[in-house]
Amino acid sequence: MGKETGFLEVDRRERDYIDPDKRLKTYKEFILQPSDDVLREQASRCMNCGIPYCHNGCPVNNIIPDWNHLVYEDDWKNALDVLHSTNNFPEFTGRICPAPCEAACTLNITDEPVTIKSIECAIVDRGWEEGWIEPQIPEKQTGKTVAVVGSGPAGLAAAQQLARAGHAVTVFEKSDRIGGLLRYGIPDFKMEKQLINRRAVQMEAEGVNFRTSAEVGVEISFESLKENFDAVVLAGGAEEPRQLEIPGAELPGVRLAMEFLTQQNKRNAGDDELRAAPRGTLTATGKHVIVIGGGDTGSDCVGTSNRQGAASVTQLEIMPKPPEHEDKALTWPDWPVKLRTSSSHEEGVERDWSVLTKRVIGADGVVTGLECIRIEWNGREFTELEGSEFILKADLILLAMGFVGPKRRGLLDRAGVDLDGRGNIAANTQDYTTSEENVYACGDMRRGQSLVVWAIREGRQAARAVDEALMGASVLPR
């Protein structure tokens, strides 16, 4: 390493944010990237440890010590090459990945981990600014054709890798724009959508053909894909939301988080209200909003509600409040359970834990409140605490309780592929094959609700498996 004592001399310094009162007035990203000198100092904290556990903590196995060293040496272009060797879209992960690599950092045992995520983001942003990122056009075409269903991170990664191997790739996306959850599930203030558009231009130059508003199983038959393509990759994500099964949940003021987030992203993209909200406008403006679900999607609903001018925002979580600090001796290098406060939480929200919802209260078809009760969790089951009932005022209740698997209607009903016990497409992580010949599955559609970085990993690995099956061998990295 360039500076073996860096971790002893330099304290961790994260990226700064624009003040909440300013950033709440816009849907633009609000991270303030450190200067190159600060980033070089932060990179010097990488310890040259004998076993870099960050490699295993990162699902795409980023070669983190190498590009940290190159940043310290001010060799940004080679750092970008090393970063791209394992990750097709580091500008996505550098913004929205929770950074399990940092939890696994060896320095995290006794100190604060290296700022891996911010350095990763700075490398790729520098690459775009300098014009170093260009289409990688294959020298020759194989004559093989591949259909990729879904343009989320798994589908995009698979498509790009397959195109670079020389195959003719067509990506089918049911929405009007590509990106999947990246496009319509992640708020713009966390990741602006020009980042997706920029990659799409690169991929089109590499030979990828995108077909939007083309839902396989509805507008396009699955059988036609099998007949007209040499291989089909199913990368449609896990979009079936967990439902709230309590009295009153059918009221129109109880809505899914994805509908709420999608509408705002469409408005930000310039869509008129008819196109952004075909089922009717859904906003938090002037309302008392309750978000059920304590994860990232719930946090995104909090940030969006505050930007829309909600009267109040409350976020409920069924599980107990996590500890503020993990016991590193017990958890490292695994992902720890600890209290996580997002930038959206810092913008204003009331958070409550160990809360079970019992009934949505309404009058004349309008939501007016939510009846709840406090519970205890003993590691196996919940117990309601007698006499702990309470009612929260509510005009809008957003359901952000996660996803239970891929949607069956349409594609899966017609694809005929076997499903596993959780309702995901059954496929292993060696060759990603399904029960149907020449049909592969990867990402959340195969593994269930997960991280963007896992989707990219599976898309890359599935691409290699397809390439190997079509050509007998593959030079694509696994």
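On a 1 Å grid laid over the protein atoms alone, a cavity is a set of points where a 1.4 Å probe fits but cannot get out, while a pocket is an open set with protein on both sides within 12 Å along at least five of seven lines; lining residues have an atom within 4 Å of a point. Grid points are joined across faces, edges and corners, and a volume is the space filled by probe spheres set on those points. Searching the whole structure this way turns up three cavities of 30 Å³ or more.

Before going on, a word on what you're looking at: this is a predicted model, where local features need pLDDT of at least 70, side-chain atom pairs count only at pLDDT 80 or more, and totals for chains, interfaces and linings use all residues. Residues are numbered from 1 along each chain as its sequence is written, and side-chain values use heavy atoms, with hydrogens and water left out.

The largest cavity comes out at about 90 Å³. It has 14 lining residues, and Cys58, Asn62, Cys97, Cys101 and Glu120 are the closest to its centre. Two or more lining residues come from each of α5 (64-72), α8 (100-103) and α9 (116-130); helices here are DSSP runs of H or I with at least four residues, strands are runs of E with at least two, and both are numbered from the N terminus. The largest share, three residues, belongs to α9. By class, the lining has ten nonpolar, two polar and two charged residues (Ala, Val, Leu, Ile, Met, Phe, Trp, Tyr, Cys and Pro count as nonpolar, Asp, Glu, Lys and Arg as charged, and the others, Gly among them, as polar).

The second largest cavity has a volume of about 70 Å³. Of its 14 lining residues, Cys46, Cys49, Cys54, Cys105 and Val114 sit closest to the centre. Here α5 gives the most, with three residues, and the lining splits into twelve nonpolar, two polar and no charged residues.

## An open pocket

The second largest pocket has a volume of about 260 Å³. Its lining holds 13 residues, with Lys140, Thr142, Ala165, Asp467 and Val475 nearest the centre.

## Threonine 86

Threonine 86 lies in the loop between α6 (76-84) and α7 (90-96). It counts as buried at 10% relative accessibility (buried is under 20% relative accessible area, exposed over 50%, partly exposed in between, using a 1.4 Å probe and protein chains only).

Its side chain makes a polar contact of 2.5 Å with the side chain of asparagine 62. That term means a pair of N or O atoms within 3.5 Å; within protein, one must be able to donate a hydrogen and the other to accept it, and residues adjacent in sequence count only if both atoms are side-chain atoms. Leaving out residues up to four places away in sequence, threonine 86 touches Val60, Asn61, Asn62, Ile63 and Arg460 (contact means heavy atoms within 4.5 Å).

## Aromatic pairs

There are six aromatic pairs in the structure. Rings of Phe, Tyr and Trp (its six-membered ring) pair if their centres lie within 6.5 Å; planes under 30 degrees apart count as stacked, over 60 as edge-to-face and the rest as tilted. One of the pairs is phenylalanine 30 with phenylalanine 189, stacked at 6.4 Å centre to centre and 25° between the planes.
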